[in-house]
Amino acid sequence: MQIAIASGKGGTGKTTIATNLACYIARSGEDVQYIDCDVEEPNGHIFLKPEISETQTAAIDTPQVDAERCDGCGKCSQLCQYSAIICLKETVMTFEQLCHSCGGCMLVCPTGAITAKQGPIGFVDLGAADGVKFAQGRLNIGDIHTPGLIKHVKQHAAKRGYVIIDAPPGTSCPVIEAVKGADFVLLVTEPTPFGLNDLRLAVGMVRELKLPFAVAINRSDIGDEQVRRYCDQESIEVVLEIPDDRRIAEAYSVGEMVIEALPGYRKKFADLCERLKMTGDQVS
Ligand code: SF4
Ligand code: SF4
């Protein structure tokens, strides 16, 4: 069962919930894997402290044009939605940083002038942390192929047990790539006007993708009632509430797991697991 932990904005406690959930499932004796798809700034490793056993270079295919074979028809440039290949008179220029590696230009080129060239975009680390299988992506500095790297990391998703996907924040292409195919999405938010605004966007995204989802409210005792009211109105289930507890912030600041530092919080993750199991039973 793939469970994506996502959030319309950064700093809501997504990684805290994702890592503690993975850790709780492992302590319960179940197979679990944590995948950090927040590849621009992966930080789940700070809490899980995995032993990395393997690091792979991730690369994507970008077009390479053989000028001798190009007749300047312009079909590649007409097809590309990202302006990553442009035909000017009889010269074809490529812009690797804009390329989404869809392969379309290679397919439409009538003369076979375009071939694929592999370009590195980052790394995928694989390992384990105290019963939790671990995978994370690390995007090369300055690279923009975030969805491409997320695709690479997700190829390492375990075929059995629970897979907890820590998605990047926001609602753009990288998040969609991370949550795509998940059996369940947990949207983490805060009870503030900013939290509500970004939750609305995130709900729109998962509804568009037709993914089952629920909400977790972090720092649930700050702010106001607007997030809960919105969830009520929209018939969205709130499956986890974590209060604004200074001890959690202290555990976070030294890279400690909440369920280890504050065992009283295990019950909240136990209840969340039960809820997820119900969805898992429906999925299977
Ligand atoms: S592979 Fe796709 S995105 Fe890249 S240049 Fe070709 S058509 Fe454009
Ligand atoms: S589609 Fe092929 S032949 Fe036509 S302009 Fe592009 S590279 Fe040249």
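This is a predicted model: local features need pLDDT of at least 70, side-chain atom pairs count only at pLDDT 80 or more; totals for chains, interfaces and linings use all residues.
Local features need pLDDT of at least 70 and side-chain atom pairs count only at pLDDT 80 or more, while totals for chains, interfaces and linings use all residues. Residues are numbered from 1 along each chain as its sequence is written, and chains are lettered from A and ligands numbered from 1 in the order in which they are written.

The chain contains 11 helices and 11 strands, taken as DSSP runs numbered from the N terminus (helices H or I, at least four residues; strands E, at least two). Its C-alpha trace spans about 70 × 45 × 35 Å along the principal axes.

Nine strands build an open sheet of mixed pairing, in the order 3-6-7-2-8-1-9-10-11; two strands pair if DSSP finds at least two bridges between them. Strand 3 and strand 11 (238-242) are the edge strands, each pairing on one side only. From one strand to the next, the twist averages 20°. Strands 3 and 6 pair in the antiparallel sense over 14 bridges.

Angles run from 0 to 180 degrees between N-to-C directions, with axes fitted to C-alpha atoms, for helices over the stretch in contact.

| Helix | Strands touched | Angle between directions |
|---|---|---|
| Helix 5 | strands 2, 3, 6 and 7 | about 160° with strand 7 |
| Helix 7 (193-208) | strands 1, 9 and 10 | about 165° with strand 9 |

Helix 5 (residues 146-154) is largely enclosed by the rest of the structure, because eight of its nine residues are buried (20 or more other C-beta atoms, placed from the backbone, within 10 Å of the residue's own). Among these are Leu 149, Ile 150 and Val 153.

Key. A residue is buried if 20 or more other C-beta atoms lie within 10 Å of its own, exposed if 12 or fewer, and partly exposed in between; C-beta atoms are placed from the backbone. Two residues are in contact if their C-beta atoms, placed from the backbone, lie within 7 Å.
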